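Please open the model in your viewer and keep the selection tool at hand.

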Amino acid sequence: MTEQRDVFENIRRGMIPAHIYNDDELFACEKQRLFSRAWIFVAHESEIPQDGDYVVRRVLDDSFIITRDSEGDVRALFNMCLHRGMQVCRAEMGNASNFRCPYHGWSYRNDGRLTGLPFHRDAYGSDEGFPKAGQTLLPAPNFASYNGLLFINLDPAAEPLEDFLGDFRFYLDFYTKQSTDGLELRGPQRWRIKANWKIGAENFAGDMYHTPHTHSSIVDIGLFREPTAQKRKDGATYWAHRGGGTTYKLPPGSFEERMRYVGYPDQMIGRIKTVWSPQQQRVVGEDGFMISAATCFPNLSFVHNWPRVHDRDDEVLPFISIRLWQPISANETEVCSWFAVDAAAPTQYKKDSYKAYLMCFGSTGMFEQDDVENWVSLTTTAGGSMARRLLLNSRMGLLSDDRPVIEALPADSFHGPGRAQVGYNEYNQRELLKLWAEHLELPA
Amino acid sequence: MSAPSARKPLPSLPFNDARHLQAHQFLVDEAYLLDAQQYEKWLDTLTDDIRYVMPVRVTTARGAAFDTSPGMAHFDEDKYSLSQRVARFATEHAWTEDPPSRLRHFITNVRTFECDPIEGVAHLLVESAELLFRSRGDVNESALVSCGREDLLRWCDDRYKLAGRKIIADESVLRMQNLAVFL
């Protein structure tokens, strides 16, 4: 434990013990103290639009059926039969009025209620031995949604989701609320990478410093015009309570002009103006910042970019992706990557935006490919003994006496909540790891 | 080009049919280009209107009538997007393949089917099984992707070109760090 206390102390001063990216003991601790207490994203309501629709998702080792029952209510049911513990649903998605356990045939309504119990009278003497009424698949201890994003918390005493997210909701809206119709998710693509889950979460939270180098091939081929060194430096990074992200600085113009610059058609801009608050619109229209990547603690990330999707013109088009860094072990992560688009968007826009996503992110995305190569290499090296002697410097943006290299943006230059900052820095990665340390220090 | 599977007539062409032999040779020659990462030459074996698709497979109940994720794919490419992927490898900054992977595309179970001419041009439907072995560096375990493919070959002047490909992955969760390779 002394050793762990050192880890957390170092992290608070921006020096990261390299082994945290591949350490079985810390992973066991993360399972017990972090993933059992934080709100974990599992699905979006649009993935189960019809009554009876379900998807099966995991929170670490626990499998949950996320269903829309026949009354239209969305539920999260622990996927384990009350009798002998078999998974009652072994598909990843579908539509069902009932789930029947393949072992002994107990069956459950899609709201979780136990309805069928073979030979109930012979085996249990009916309700006298086993009263069926009130028996249900275990519901998730805590289950809540924000803009259709569904989260599970394994802690029955968890703070409400809205409080957990706090001011980060202001930024979540940019990605998840572009009309009153809300988002439409497709996917996820799922694949496993031999990398620790924290690396991707940190990268999306605030690593604008890697973009000009790691992703220079994307600029070389003319797919994305923005990630040059100057543009990244001028963008603001922000951190607000449980999440933070990066932005790009847009050329001068009004809110509408800047939304058009990244490729939003006028009818979408019109709808966006009805759902984003004046303060949210000011971040784009007055301050000139457009959201790019972000992470919501602990392992949910977002990306919003605007590449060139056709060779016929210079037109760019935005896409949104939501992704989960699902830990498998200390050195392996399952990436779940969804394409997301405003449900009210025009058909052609949805088509082009999907294309933009596939070219840039996901299992085949050209941005993504180079990232993962780095993260696998880092994780492998972090598992050795020398990594225990190395503190990675994550103090970018700070002088040795902890004064900032560049002062935080004043409220009249950045209208969003939290702390915002221009220039190269690692504020967000530090904030994310401080939250990580805070959770791991709290006894189970 | 639409997915050819629905229109596939049975039986397959005899293995000594010249059209089958040409189709088989096309796939084996293509596998060589992909192993050797000679992607410019590979692009030249594709028609300009190629549709190259790899749906995301999902586990569904028998009788669910679908086993791919609706509206989502790993690849959903046209000539432009494939060309961009190839152009990226030609830059000095495509780190994921520098150093390059060692690749082996194993192609087997090739069956060729007759196909009615499309707009007066001869086409063949070709089915194959593919196992891709990929090794990177000297520490990490190698990775495999197993899939089936349904191809549409079009006769273009003096040779067949690939006009459509549907790649059917055998895993719902890929065990490969990315698909910076072609199948």
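Begin by selecting strand 3 (residues 53-59) and strand 4 (residues 62-68) of chain A, which run antiparallel and are joined by six bridges. Strands, like helices, are DSSP runs numbered from the N terminus: helices are H or I of at least four residues, strands are E of at least two. Two strands pair if DSSP finds at least two bridges between them. Within this pair, select A:R58; the bridge partner of A:R58 in strand 4 of chain A is A:S63.

This is a predicted model, in which local features need pLDDT of at least 70, side-chain atom pairs count only at pLDDT 80 or more, and totals for chains, interfaces and linings use all residues. Residues are numbered from 1 along each chain as its sequence is written, while chains are lettered from A and ligands numbered from 1 in the order in which they are written.

Now widen the selection to the open sheet of four strands in chain A, which has the order 5-4-3-6 and antiparallel pairing. Its edge strands, each pairing on one side only, are strand 5 (74-78) and strand 6 (93-95) of chain A. The twist averages 25° from one strand to the next; such angles run from 0 to 180 degrees between N-to-C directions, with axes fitted to C-alpha atoms, for helices over the stretch in contact.

Next, select A:D73, in the loop between strand 4 and strand 5 of chain A. Is A:D73 buried or exposed? A:D73 counts as exposed because it has 11 C-beta neighbours inside 10 Å.

Move to strand 10 (residues 142-146) and strand 11 (residues 149-153) of chain A, which pair in the antiparallel sense over five bridges. They form a hairpin with two residues between them, and A:N147 in the turn has a positive phi of about 50°. A:F143 stands opposite A:I152 in strand 11 of chain A.

Then select helix 6 (residues 197-206) of chain A, where ten of its ten residues are buried. Among them are A:W197, A:I199 and A:F204.

Turn to chain B, where six strands form an open sheet in the order 2-1-6-5-4-3 with mixed pairing. The edge strands are strand 2 (68-77) and strand 3 (102-118) of chain B. Strand 1 (residues 46-57) and strand 6 of chain B pair in the parallel sense over four bridges, and B:V53 stands opposite B:K166 in strand 6 of chain B. B:G164 is also located in strand 6 (residues 159-169) of chain B. B:G164 counts as buried because it has 22 C-beta neighbours inside 10 Å.

Display both chains together for the last stop.

Conventions:
A residue is buried if 20 or more other C-beta atoms lie within 10 Å of its own, exposed if 12 or fewer, and partly exposed in between; C-beta atoms are placed from the backbone.
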